[in-house]
Amino acid sequence: MDIFECIKGRRSIRSFSNDPISDDDINKILEAGIWAPSAGNMQAWEFVIVRDKKLRQKLAKAAYNQDFIAEAPVCIVVFANMRRSASRYGSRGSDFYCLLDAAAATQNMLLAIHALGYGSVWIGAFNDDAVMRILNAPEYCRPIAILPVGKPLEKPSPPRRLPISKVLHFEQF
Ligand SMILES: Cc1cc2nc3c(=O)[nH]c(=O)nc-3n(C[C@H](O)[C@H](O)[C@H](O)COP(=O)(O)O)c2cc1C
């Protein structure tokens, strides 16, 4: 798939079949994640693959009852590793760079998921503490995104974008 087709054709998917996803495809998705850019190449990301149905249901609850999350056969939960980034960049690392590293990996994975014929959506509305408890995350990791992944059962039309002219500035604001 052409890169521009992939970028423009990706949609947030919120309805999934429970067809399984092979480890091979999960690995391809993770591979796309780890090839994202990162500040100082510190790669301040961590990924948790969740296949267990009970855990997926708990994640859906922690995401303020976005129940469709549990429909997908797999969730990839992306964390920012604040400690790894802070080890080089101090508070700039823990407050800022690690979030961007994890976000870049997340977007790469969303594109790979789409290119492989699956659907997903970036879930960012959740209770951080609840997600950390459910996944037994260490205190130096912060959850950034829950990505439910599965075969899409919907084909949403593209939501409007602000025109470039509205967000573009030449030379200065
Ligand atoms: C940081 C972030 C948080 C988001 N959180 C949620 C969420 O909690 N639930 C949800 O259904 N969609 C969530 N989305 C998906 C957006 O609603 C979606 O990307 C946007 O409406 C544009 O649609 P598109 O992804 O199909 O282009 C989130 C997206 C981002 C980038």
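Ser-38 is buried, with a relative accessible area of 17%. Buried here means under 20% relative accessible area, with a 1.4 Å probe and protein chains only. This is a predicted model: local features need pLDDT of at least 70, side-chain atom pairs count only at pLDDT 80 or more, and totals for chains, interfaces and linings use all residues. Residues are numbered from 1 along each chain as its sequence is written, and side-chain values use heavy atoms, without hydrogens or water.

**Around Ser-38**
- Ser-38 sits in the loop between helix 2 and strand 1. Helices (H or I, at least four residues) and strands (E, at least two) are DSSP runs, numbered from the N terminus.
- Ser-38 touches Gln-43, Trp-45 and Asp-101, not counting residues up to four places away in sequence. Contact means heavy atoms within 4.5 Å.
- A polar atom of the Ser-38 side chain lies 3.0 Å from the backbone nitrogen of Gln-43.

**Helix 2**
- Helix 2 covers residues 23–34, twelve residues. From first C-alpha to last it reaches 16 Å, close to the 16 Å expected at 1.5 Å a residue. The expected span is 1.5 Å times one less than the number of residues.
- The buried residues of helix 2 are Asp-25, Ile-26, Ile-29, Leu-30 and Gly-33. They cover an arc of only 140° around the axis, which puts them on the same side of helix 2. The arc is that of the directions from the helix axis to the C-beta atoms.
- These buried residues pack against strand 1 (45–50), strand 2 (74–81), helix 5 (82–115) and strand 3 (141–149).

**Nonpolar cores**
- The largest nonpolar core has 25 residues; Leu-59, Val-131 and Ile-146 touch the most other members. Such a core is a set of buried Ala, Val, Leu, Ile, Met, Phe, Trp, Tyr and Cys residues joined through side-chain atoms within 4.5 Å.
- Helix 3 (53–62), helix 4 (68–71), strand 2, helix 6 (128–135) and strand 3 each supply at least two residues of this core. Helix 6 gives the most, with five residues.
- A second, separate core of 19 residues includes Ile-21, Ala-80, Ile-144 and Val-149.

**Ligand site**
- Of the 13 residues around the ligand, Arg-11, Ser-12, Arg-14, Gln-66 and Arg-161 come nearest. A residue counts as near if one of its heavy atoms lies within 4 Å.
- A side-chain N or O atom of Gln-66 is 2.8 Å from a nitrogen atom of the ligand.
- A side-chain N or O atom of Arg-10 is 3.0 Å from an oxygen atom of the ligand.
- A backbone N or O atom of Ala-125 lies 3.1 Å from an oxygen atom of the ligand.

Key: Buried means under 20% relative accessible area, exposed over 50%, partly exposed in between (1.4 Å probe, protein chains only). A polar contact is a pair of N or O atoms within 3.5 Å; within protein, one must be able to donate a hydrogen and the other to accept it, and residues adjacent in sequence count only if both atoms are side-chain atoms.
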